Amino acid sequence: MSYALKVSHLTKRYPSFALNDISFEVPEGCIMGFVGENGAGKTTTIKAILNLIAKDAGKVFVYSTDMDSDEKQAKRNIAVVFDDCCFSETLSISNVVRIMSRMYPGWDSRLFYEYADAFKLPEKKIIKEYSKGMKMKLSIASALACRAKLLILDEATSGLDPIVRSEIIDIFLEHIQNGQNSILFSTHITSDLDRIADYITFIHEGKIVFSEAKDAMLDSYAILKCEEKEFRRLDSNDIVGVRKNMFGYEVLTDRKNEVLRRQPGIVYEKALIEDIMLFYTKEDVR
Amino acid sequence: MKGLLLKDFLSLKNYIRTILIVLIAYALFSFFGNNISMLMVMFALFSAMLPVTTFFYDEQAKWDKYALSHSVERRTVVLSKYVFALLILVVGELIALGVVSILGIIKPEMALTGSELLSLAAVGVFYAGYLNAILIPLIHRYGTEKARMMMIMILFLPAILIFIFKDSFSALLDPAVLTKTIIGLGIGIIAAIAISINISIRIYARKEF
């Protein structure tokens, strides 16, 4: 399999936080959901990928180009949406077009105006007068107009209402249709990922908990609704997290099929990405 | 580089307009006050302030991390600020030259001679060069907020030095050695800018966003 992005053993240490040996791959033509609670290290990982912060160790490859040996070439294949707008508030969208067309080699002004039109971005106003959602849409339109193969989105949909989010999610899906384009989609709105992600990488306290295909993952995870007796019969290896309530136990397992084979009558429900995140991160439910 | 320069000019377009109005108002006051000799220096001073403002806008928007993520090299970001400072200074001085010449034609008794113009332009350009050579690395290192405080000191430092060494300074302005002084200062400023660029590149290479 060819990879759009390969992160290998990425490490960055701060006095009070560390990214520890982060490794994952985003296959070509896929959307990788990058999830984790606030402060888990998502943005730090993205910054380290982009060399915005110095790595202590590790390698990053973008479509096989080593980010350290040919950063410029590697970045020609990347467009990024940060949670900040990044354009000066005194600029208008026609200014953005003039700047980006001179700055980014693959920039497509026609495509930008198509998205600007679809997102109803006002041409006359300066960015200072934009709402948070409009700024987000401007960043997304700019990233798409870069015609880069790899989109890196850092909380790119967090300022948007559900209707616009849904439209934009469709645009992201369209982006990967050619089979080569890929997206690394960092977010804590996991419902977006339930819809479009092919892979999920879950980071917690600066470490990767898992990075795997979403369908396989959702197939192996389940929330078991057990009574005391059923709970006692579970193997400790079956249990990722436990939540006790007045009816018994809710147990997150990553070995659904094994558990069902041993206890066929056990009640369970599908685990969503959010459930998995919650069980892993909330210490008190363990 | 072109994109970065354009970004700075476009971001500042309203600010530049305001500054031009202030300068034209100043020009009119000078005109009615019968002394237009400081115009060249004032234009240079205001031009020298503009790069700091572009840094401020960049910081506010978190522009650098965006540019660096989109294949702009760190070195280019650094160099673009010096080129911007130079361009805005040249444009400022050309406008000042135009204004001074027009005012001189309207009131010939106020007109400045060629050598006067050259000396005044040199003072302005050297001052702007000196200011940016010190200020730009400081901004890269400490950010605009702290660097602005330091700017006050940097602005007054030449005046303090001239006051302390006023005797030797007047000797340098003697018409017999004035050309040598200008050439000497010119070389000094160019060297200072070269060193400044070098330091800025080093600071910026290690900067995290």
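Everything below comes from a predicted model, where local features need pLDDT of at least 70, side-chain atom pairs count only at pLDDT 80 or more, and totals for chains, interfaces and linings use all residues. Residues are numbered from 1 along each chain as its sequence is written, chains are lettered from A in the order in which they are written, and side-chain values use heavy atoms, with hydrogens and water left out.

**View 1. The interface of chain B and chain A.** The contact (heavy atoms within 4.5 Å) takes 31 residues from chain A and 25 residues from chain B.

**View 2. Salt bridges across the interface.** There are 4 salt bridges between chain B and chain A, each a side-chain nitrogen of Lys or Arg within 4 Å of a carboxyl oxygen of Asp or Glu. Lys65(B) and Asp84(A) meet in a salt bridge through their side chains, at 2.8 Å from N to O.

**View 3. Helix 1 of chain B.** Helices here are DSSP runs (H or I, at least four residues), numbered from the N terminus. In helix 1 of chain B, 8 of the 10 residues are buried, where buried means under 20% relative accessible area, exposed over 50%, and partly exposed in between (1.4 Å probe, protein chains only). Among the buried residues are Gly3(B), Leu4(B), Lys7(B) and Asp8(B). The cover over the buried residues includes helix 3 (93–103) of chain A, along with helix 2 (13–32), helix 3, helix 4 and helix 5 (74–106) of chain B.

**View 4. Asp192(A) and its neighbours.** Now for a look inside chain A, where Asp192(A) sits in helix 7 (residues 190–196). Asp192(A) is buried, because its relative accessible area is 6%. Leaving aside residues up to four places away in sequence, Asp192(A) touches Thr157(A), Arg165(A), Ile169(A) and Phe185(A).

**View 5. Ile152(B) in helix 6.** We finish with Ile152(B), which lies in helix 6 (residues 114–164) of chain B. With a relative accessible area of 47%, Ile152(B) is partly exposed.

Technical notes
Helix = DSSP H or I, 4+ residues; strand = E, 2+ residues; numbered from the N terminus.
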